[in-house]
Amino acid sequence: MRKKKKFTRTGFKMADRLMTYETQFFGFSPQTCVLRVSSGIQDSLLDVMLVVERVIFKKLKEMSDSSVTPSQIRACTESFLQIMKERFDVIFERVEQGILQHIFYIPENILLHEDHVQEKYPYTEEQFKDLQSEIAELEHCYRCEIMAKHALLTELEDQKLIELKLEQRIHWFSNLDSSWRSNAVSNVRESLAFVRELTCKVPAILRKIQQKYKDEQNQSTAPSESEQEEGKEMRRKRLKL
């Protein structure tokens, strides 16, 4: 926002004002532009004088009775340039004043488009700092809200997944219940309890079966007393024969 400062046109020079608002408006510094124009004109004048000097040298070589030396011509050229520079500085100072006052000068009642809002809602420096602090705090709160939103969405997805699994379990139990009811099982809970009791009794029943099998094997392998007596009798008969 430009500051309202009254500008007097009398005695205007390049160093009197920084012309920062004009720089913002045009995109370049008016003083720098005028300085470059001045430097360009002086460089062009120097180039022209060098060309004129070479032409004079060439003409002097063609004149056999000339007593003018190249050093004298160079001294005259430098003197002429000095006079031209002094005159140019005086003239260009007036040109500079006219350019900066009438071409690159923006009146005080003219504002850039982005400054109209500040003109309509003026803020002091302290109010502007407070506003910046409030904006920074709101941005921080907004980022926190966004993070919380993402966390809630993630939790919602997890809950949907858990709900889907629960529905699958309920569907499975419903199918199991209907299947048992179709097989004349009236109470599913009691049936599950009965199956659990049977499952707990299975290891003991297995141990009994294994022990019984071992006893039967021992009995089948061990010879009885009558069989032993019959075996001895047969051996005796064979010895007699």
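Reader: Does Phe 28 count as buried, partly exposed or exposed?

Author: In this predicted model, the relative accessibility of Phe 28 comes to 34%. Buried would require under 20% and exposed over 50%, with the class in between left for other values, so Phe 28 counts as partly exposed.

Reader: How are the rings of Phe 28 and Phe 104 arranged, edge-to-face or stacked?

Author: The count of aromatic pairs comes to 2, and in the pair of Phe 28 and Phe 104 the ring centres are 5.6 Å apart. Planes over 60 degrees apart count as edge-to-face, and because the planes of these two rings stand at 85 degrees, the pair is edge-to-face.

Reader: How many residues apart are Phe 28 and Phe 104, and where do they lie?

Author: This pair links distant parts of the chain, with Phe 28 in the loop between helix H1 (20-26) and helix H2 (30-62). Phe 104 lies in the loop between helix H3 (70-102) and H4, and the two residues are 76 residues apart.

Reader: Which helix holds both Phe 88 and Phe 92, which form a stacked pair?

Author: The rings of Phe 88 and Phe 92 are 5.2 Å centre to centre with 25 degrees between the planes. Phe 88 is buried at 16% relative accessibility, and Phe 92 is buried at 9%. The two residues are 4 residues apart, about one turn of the helix, and both lie in helix H3.

Reader: What is the area of the nonpolar surface patch that includes Tyr 121?

Author: Tyr 121 is in the loop between helix H4 (116-120) and helix H5 (125-182), and is partly exposed with a relative accessible area of 47%. Together with Val 117, Tyr 123 and Phe 128, Tyr 121 makes a nonpolar surface patch of about 440 Å².

Notes. Residues numbered from 1 in each chain as written. Predicted model: local features only at pLDDT ≥ 70, side-chain atom pairs only at ≥ 80, totals over all residues. Heavy atoms only, no water. Patch = residues over 30% accessible without salt bridge, like charges linked within 9 Å, V, L, I, M, F, W, Y side chains within 5 Å. Areas by Shrake-Rupley, 256 points an atom, 1.4 Å probe, with all protein chains shown as cover. Salt bridge = Lys/Arg side-chain N within 4 Å of Asp/Glu carboxyl O. Buried < 20%, exposed > 50% of the residue type's maximum accessible area, 1.4 Å probe, protein only. Phe/Tyr/Trp six-rings, centres within 6.5 Å; stacked < 30°, edge-to-face > 60°.
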